[in-house]
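Here's a quick tour of the model below. Have the sequence and the viewer open while you read.

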Amino acid sequence: MPVITYRQALNDTLGEELARDPNVLLMGEEIGVFQGSYRITEGLLQEFGPKRVVDTPIAEEGFVGLAVGAAMLGLRPVVEIMTINFILVAIDQVVNHASKIHYMFGGQVRVPLVIRTPSGGTGQLAATHSQSFENWFAYCPGLKVVAPSTPYDAKGLLRAAIRDDDPVMFIESLALYDTKGEVPEDDDYTVPIGVAEVKRQGTDVTVVSYSRMTAVAMQVAQRLEGEGISVEVVDLRSLRPLDRPTIIASVKKTNRAVVIAEDWYSYGVTAEIAATIQDEAFDYLDAPVRRVAGLEVPLPYAKELSAASKPSANSLIYAIRKVLEGKKK
Amino acid sequence: MAKVEDTQRSALERENPDDLRHYYYQMLLLRRFEERTSEMYVKAKIGGYCHLNLGEEATIVGLMAALTPDDYIFTNYREHGYIIARGVPPGPVMAELFGKETGVSGGRGGSMHLFDAKTHFMGGYAIVGGQVPLAVGAAYALKYQGKPGVVVAQMGDGTTNIGAFYESLNLAKLWNLPVLFFIVNNGYGMGTSVEMGSSEPDLWKKGASFRIHGERIDGTDVLAVRDACRRLRARAEQEGEPAILDVVSFRFRGHSVIDADRYRDPEFVRSGREKHDPVRNFAALLHDHDIVDDDWLKAMTDRVEKEVQEAIDFANASPDPRFEDMYVNMYATPVPNIPGPEDAIREVKINRGEL
């Protein structure tokens, strides 16, 4: 099976979906002439022309709202928001409009819209360019929120999102764009929205994660295997709907859980998962659930401070050791 | 004076009298619908916020007379009259205000969120300015798919101060989209006058730096509204030229049913209603020109009274939405791991102390 980057998987999928359905179009800042701030849309303007690959002015509220309205009339816009930080100026259109329209109007109209955007921090981008807001959108009924961790899932979930008739937030990660993985050719597979996956089987502890933190969890699981610690890694893949049964089944098997996410500790994704485990698997737990999340500061610029503010492999290992304390070998 | 009369007479003579009578009927229907809506609100048949179109009847009927079935309409939350004038029967509209399953939005939207796909009434929106980019997007879709028609982005005067409005103007002109920015200028955004909120109170000029043509229109004159809309609609459809219509009318009551209107001088309101009542003025005009007589006017009053009463009866007799349907229409494409009817029933029972 060919090995390609996460970026290539996204770029290929966008091109294939543009070719498949004439109602699919891409919109966003710098996606055409500039070829994409992170080169996800590279070459697509040349291949499909300016009707299908639309460079927008810097007006997120305007063009996100425009995409919602266009979707209501049957187009299938795939909007790129340069980073998730910038979507805050368009959040009214996502939360008050896109997520409500199908339900609030009695099911009379659909909003087949995808908003792609990278979330999280990397490369000293500092306080306003390193945030994780996928939990804000996952909070909102009516939206679907996905966050793939591998090139295979990136392709399968982006296909599913573009073909879905609901608004989907498609969360990417700058730090994942150059990661590689196997992606089958000539296979029109999709990855179902709302379904998590056990990315690695284990018996001692469950690590619940998504996006870049799944990649970190997989490395940690590999490392700890040498010490005789067997880590099961659950990749949520979708934050809304949240696949609670897969999380609970894993915790019932391992009896211990660590939850890791890049966002801030309080009110973050890890809090939701920990509460879910408490609700549905309390009697199966042999240790309190531990959470690994970002430090609660506006992310500082200075290199060492910046790195120390985001969860690392070491912070995950520390948490795993803590939940395994007292476990009989 | 005689000259003005002659001009008006000849203008009226060019009109089809049936059209004129129909406009009057529609305006009277909206007037009576809103009066009875206010009454139903006070009787607690209607909840939430409730904004009335009283005083804006000519603005609404004039706009709708200019539109074709191809066109789409996005409005703000003061929209009962728009959906009725667009052709949706008053019954399902009143049922929506009552929160019934038979309402235009299945009882899930309420007064501020009316919708009817069949007539391209694309919704009332209750976040000020939110509907404007949506309407521009609908116009984008029409152009993309090469379909006929234009899109109306209706809004209040206060909306012209929000950022979404300006981003929408820029995109509409940048991409030559068939959209009409239809500003219902009743002089007040809640209690804030246009002069208090807009550095440029001539709202029709607000498209100037976007190279968008704007006009001020007498929103109490149904024919003036219709003619301006027809002209600018044709231009939008044929040339992809968006336009701003600054349609001036008089708000008869407070911002919403529960607003006591303390910020306006009662004498100003009284005289405004006296002078700018589009329904009464149009009746007088038609009567003076022998297009209608007293009997006809009386018959119309009776007909409208009956139709609105039937709408209320329909709403009263309609079923409430079922608890088990709480999550219906949550998603258009089915997805696993979401709550279903059994979850809804269980949660409702707990909530109501039945478990």
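## Helix H12 of chain B

Which helices of chain B do the buried residues of H12(B) pack against? They pack against helix H2 (17-42) and helix H5 (90-97) of chain B. The buried residues in question are Val304(B), Val308(B), Ala311(B), Ile312(B) and Ala315(B); buried here is 20 or more other C-beta atoms within 10 Å of a residue's own, exposed is 12 or fewer, partly exposed is in between, and the C-beta atoms are placed from the backbone. Helices (H or I, at least four residues) and strands (E, at least two) are DSSP runs, numbered from the N terminus.

H12(B) covers residues 294-317, and its end C-alpha atoms are 34 Å apart, which agrees with the 34 Å that 24 residues should span at 1.5 Å a residue. That expected span is 1.5 Å times one less than the number of residues.

## Ground rules

The model is predicted, so local features need pLDDT of at least 70 and side-chain atom pairs count only at pLDDT 80 or more, while totals for chains, interfaces and linings use all residues. Residues are numbered from 1 along each chain as its sequence is written, and chains are lettered from A and ligands numbered from 1 in the order in which they are written.

## Chain B overall

Chain B comes to 13 helices and eight strands. Along the principal axes, the C-alpha atoms fill a box of roughly 75 × 50 × 40 Å.

Buried residues make up 49% of the chain. Among contacts (C-beta atoms, placed from the backbone, within 7 Å) with a separation of 6 or more, 73% join residues 24 or more positions apart.

H6(B) runs over residues 131-145; its 15 residues should span 21 Å, and the end C-alpha atoms are 21 Å apart, which agrees. The helix is mostly covered, with 13 of its 15 residues buried. Gly146(B) follows, with a positive phi near 65°.

What does the contact between the chains take from each? It takes 36 residues from chain B and 41 from chain A. On the chain B side, H6(B) gives the most, with nine residues. By class, that side has 21 nonpolar, 13 polar and two charged residues; Ala, Val, Leu, Ile, Met, Phe, Trp, Tyr, Cys and Pro count as nonpolar, Asp, Glu, Lys and Arg as charged, and the others, Gly among them, as polar.

## The nonpolar core

The largest nonpolar core has 192 residues, and Ala138(B), Ala153(B), Val179(B) and Leu245(B) have the most contacts inside it. H6(B) gives the most to this core, with 10 residues. Such a core is a set of buried Ala, Val, Leu, Ile, Met, Phe, Trp, Tyr and Cys residues joined through C-beta atoms within 7 Å.

## Glu61 of chain A

Glu61(A) is in helix H3 (residues 60-72) of chain A. Is this residue buried or exposed? It counts as buried because it has 25 C-beta neighbours inside 10 Å. Beyond four places in sequence, its contacts include Val89(A) and Asp92(A), plus Pro133(B) and Glu167(B).

Terms used. Two residues are in contact if their C-beta atoms, placed from the backbone, lie within 7 Å.
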